[in-house]
Amino acid sequence: LKIERTNSPFPQKYYMKLLKVAREDCMNARTRLFAWERHNLRYVIILMNGIGCRVLECKNLRWSDLDVRDNGVFLYIHGKSKERTIRIPDRIYGHLMDLLKWKKANYSNYNEEDFPHIFNSYGSPKATNHFSGKVRKRWMMATGIPNPNDYELVCFRHKFITGALNSGAHSLTIATYCGTSQKMIEDTYSGLVAAQVYDLVFKNTP
């Protein structure tokens, strides 16, 4: 049977509260292992919210995928079969550098060569095989958001895309940036954008 999944974007008004709850939980973790997992999850949320990438793409990310150039910071993103290189905001690059600094401070001899994956498991060079759904739901409940079980990690990708659409960005531009098709953007998000910008972002869409 087909599993029905929500495509509801995470509500903007709860986002900063969520980050605060997550930061406090990271700081209060009982063990370094728990702190490591929670930091990974917090920064995955920040990354997905900031550039609209997928969960698998986060797991695949390596420190070497970051490319600092004169005209900005670029990130090579790859999932199961798709790949792209996009320019990322300076603030997102700053968040990733904060994560790198924290990992170096909390694991002896941590470095980008021996631990190539950005979101690696504690003490392992391999990428983490999960981001705790239990922790994520606890964070969401603490924000006071209604129906916290309705929001999986993909809701932050939805939040990025709907935010860009409602800001007037064209669906083709967003599709290219997020590694998907313009038709998927139209089919999935046309009902989630403000009526006054619908014609602008979906105009000339086949």
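Before anything else, I note that a helix here is a DSSP run of H or I with at least four residues, numbered from the N terminus. By that rule Y93 sits in helix α4, residues 90-106. I also remind myself that this is a predicted model.

**Entry 1: the whole chain**

I counted the elements and got nine helices and three strands. Their order along the sequence reads α-α-α-β-β-β-α-α-α-α-α-α.

Next I checked the overall dimensions. The C-alpha trace spans about 55 × 40 × 35 Å along its principal axes. For 206 residues a compact globule would have a radius of gyration near 17 Å, and I find 18 Å, which agrees.

I looked at burial and surface too. Buried residues are 46% of the 206. The protein exposes about 11200 Å², with carbon and sulfur atoms supplying 51% of that.

Then contacts: of those with a separation of 6 or more, 59% are between residues 24 or more positions apart.

I have 31 positive and 19 negative ones, and their mean positions lie 6 Å apart.

**Entry 2: the strands**

Strand β1 (residues 66-69) runs antiparallel to β2, and four bridges join them. The two make a hairpin with two residues between them. One pair I wrote down: L66 has L75 of β2 as its bridge partner.

On to the next pairing. β2 and β3 (residues 83-88) are also joined in the antiparallel sense, over six bridges. This hairpin has four residues between its strands. Here Y76 has T85 of β3 as its bridge partner, and V73 stands opposite I88.

How many residues of β2 are buried? I get five of the seven in residues 72-78, so I call the strand mostly covered, with buried meaning under 20% relative accessible area.

β3 splits into two faces. R84, I86 and I88 form the covered one, while E83, T85 and R87 form the uncovered one. In a regular strand the side chains alternate between the two faces of the sheet. I find it handy that I88, opposite V73, is on the covered face, whereas T85, partner of Y76, is on the uncovered face.

**Entry 3: E57**

I picked this glutamate and asked: is E57 buried or exposed? It is buried, because its relative accessible area is 2% and the cut-off for buried is under 20%.

E57 belongs to helix α3, residues 55-60. Leaving out residues up to four places away in sequence, E57 touches I77, H78, G79 and R84. R84 is a residue I already had on the covered face of β3.

**Entry 4: Y93**

Back to the tyrosine in α4. Y93 has a relative accessible area of 23%, so it counts as partly exposed; the buried class stops under 20%.

Which residues does Y93 contact, leaving aside neighbours within four places in sequence? I find L66, V68, V73 and I88.

Y93 and V44 are 49 residues apart in sequence, and their C-alpha atoms are 13 Å apart in space.

Methods:
Residues are numbered from 1 along each chain as its sequence is written. This is a predicted model: local features need pLDDT of at least 70, side-chain atom pairs count only at pLDDT 80 or more; totals for chains, interfaces and linings use all residues. Side-chain values use heavy atoms; hydrogens and water are left out. The radius of gyration is taken over C-alpha atoms; the globule rule is 2.2 Å times the number of residues to the power 0.38. Buried means under 20% relative accessible area, exposed over 50%, partly exposed in between (1.4 Å probe, protein chains only). Contact means heavy atoms within 4.5 Å. Accessible areas come from the Shrake-Rupley method with a 1.4 Å probe; for residues, only the protein chains shown count as cover. Lys and Arg count as positive and Asp and Glu as negative; His and the chain ends are not counted. The place of a charge is taken as NZ of Lys, CZ of Arg, CG of Asp or CD of Glu. Two strands pair if DSSP finds at least two bridges between them.
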